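User: Could you walk me through how this protein is packed inside? I'm new to this, so please take it slowly.

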Amino acid sequence: MTTPRIYLSAPHMGGEELGFVNEAFETNWLSSVGPNLDAFEREIGERVGGHCAALASGTAAMHLGLRALGVGPGDDVLCPTLTFVASANPIVYLGARPVFVDSERESWNLDAALVAQHLEDAAKRGRLPKAVVVVHLFGQSADLDALEAACARFDVPILEDAAEALGTLYRGVQVGVRGRVGALSFNGNKIITTTGGGALVSRDEAIVQKTRFWATQARDPSIAYEHSELGYNYRMSNVLAGIGRGQLRVLDERVRQRRAIAFHYRDALADVDGLELMPQADWGLHTNWLSVFTVDPDRVGCDRTALIEALAAENIEARPVWKPMHTQALFADAPVLGGEVADDCFARGICLPSSSFLTDGDLSRVVDVIRERARR
Ligand SMILES: *Cc1c(COP(=O)(O)O)cnc(C)c1O
């Protein structure tokens, strides 16, 4: 293949990362304690308006966040069906059962009306879920006012899975700490990255302190190795926190770039009938972490799979939207409320290359392939 590969979403360093990494080497802070970690947690905390514990992954943050909410064996936890599997797996790690819920059309996120109805029924049966996982998908916030109202009525806490939503606003405010706990991800494909990493965020400092304790093997305060609780090795390294500090400095620029890419595709493909940018709900700022479109096969002349294959033939990586959890073999036994909206998003949704460093030339390559295939 002579043309360089265009990936779906690749890391994009800002330039200041290596300075912080070098500092860690020069001062020998090469473990899971150190000044970069402290500063990164402070800076993330300021960004989200809460406290932060930096962890090894977003999945670890989900795991400890659910544990902080008291989720355990036999509990139910509501979770959107349209999401990445890491939103749901930690529910199972804790021995609880996910109950999957469909999306609404405005943002493709958790349907507050379905949640409200389910909580009412569940309360009557005396089996309220222990928590509700709210995912902000592809960089767009869920309708937090409506979800919070539904959950507050029955005192069920919310965990915000904001792994795809750093930079995302709901009514002008960064998402993540509106619920009792939130999870962020700095995986290599996210809007900013520490190569791999995550964070638990909360306005409740006690939860964040407890999270750091669990994440470092739950060592009781004693010089001997004494343990009264189950812990994990989930802490972020001080070296990677240095990468995160550099990345945070360019987060706003990354948001502008990701949005510009989505709107570039939208405008350049405006005359391809049946190809549409995913909804941009009026309640927030959608970072368009991924540029997601829907394909109406009757009007475009081919389905999203044919577009993905045509792009692959030109060394361009595109993907379907997340495959809904209620259709996964892994969760064959889990209950689901609705599912038609999620199924439709999956059937028609395509994620186009969205790396923030893509050039106009790169975007033209993508646009040309889609035009060519749509016309056939
Ligand atoms: C990436 C992602 C996660 C997990 O984050 P990792 O850092 O990769 O463990 C969780 N939920 C969603 C919705 C994600 O996209």
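**Cores, domains and a cavity**

Analyst: The largest nonpolar core has 91 residues, and Val115, Phe138, Leu184 and Phe186 are the ones that touch the most other members. Such a core is a set of buried Ala, Val, Leu, Ile, Met, Phe, Trp, Tyr and Cys residues joined through side-chain atoms within 4.5 Å, where buried means under 20% relative accessible area with a 1.4 Å probe, protein chains only. At least three of its residues come from each of domain 1 (17–248) and domain 2 (251–373), with bounds taken from an automatic or database domain assignment. Apart from it lies another core, of 28 residues, including Tyr265 and Ile350.

User: What kind of model is it, and how are residues numbered?

Analyst: This is a predicted model, in which local features need pLDDT of at least 70 and side-chain atom pairs count only at pLDDT 80 or more, while totals for chains, interfaces and linings use all residues. Residues are numbered from 1 along each chain as its sequence is written, and side-chain values use heavy atoms, with hydrogens and water left out.

User: How many residues of domain 1 are in contact with domain 2?

Analyst: There are 44 residues of domain 1 in contact (heavy atoms within 4.5 Å) with 40 residues of domain 2, and the C-alpha centres of the two domains lie 25 Å apart.

User: Where does the largest cavity lie?

Analyst: The largest cavity lies between domain 1 (17–248) and domain 2 (251–373), because both give residues to its lining. A cavity is a set of points on a 1 Å grid over the protein atoms alone where a 1.4 Å probe fits but cannot get out, and lining residues have an atom within 4 Å of a point.

User: Which residues line it?

Analyst: Among them are His12, Lys190, Gln247, Arg254 and Ser356.

Technical notes: On a 1 Å grid over the protein atoms alone, a cavity is a set of points where a 1.4 Å probe fits but cannot get out, and a pocket is an open set with protein on both sides within 12 Å along at least five of seven lines; lining residues have an atom within 4 Å of a point. Buried means under 20% relative accessible area, exposed over 50%, partly exposed in between (1.4 Å probe, protein chains only).
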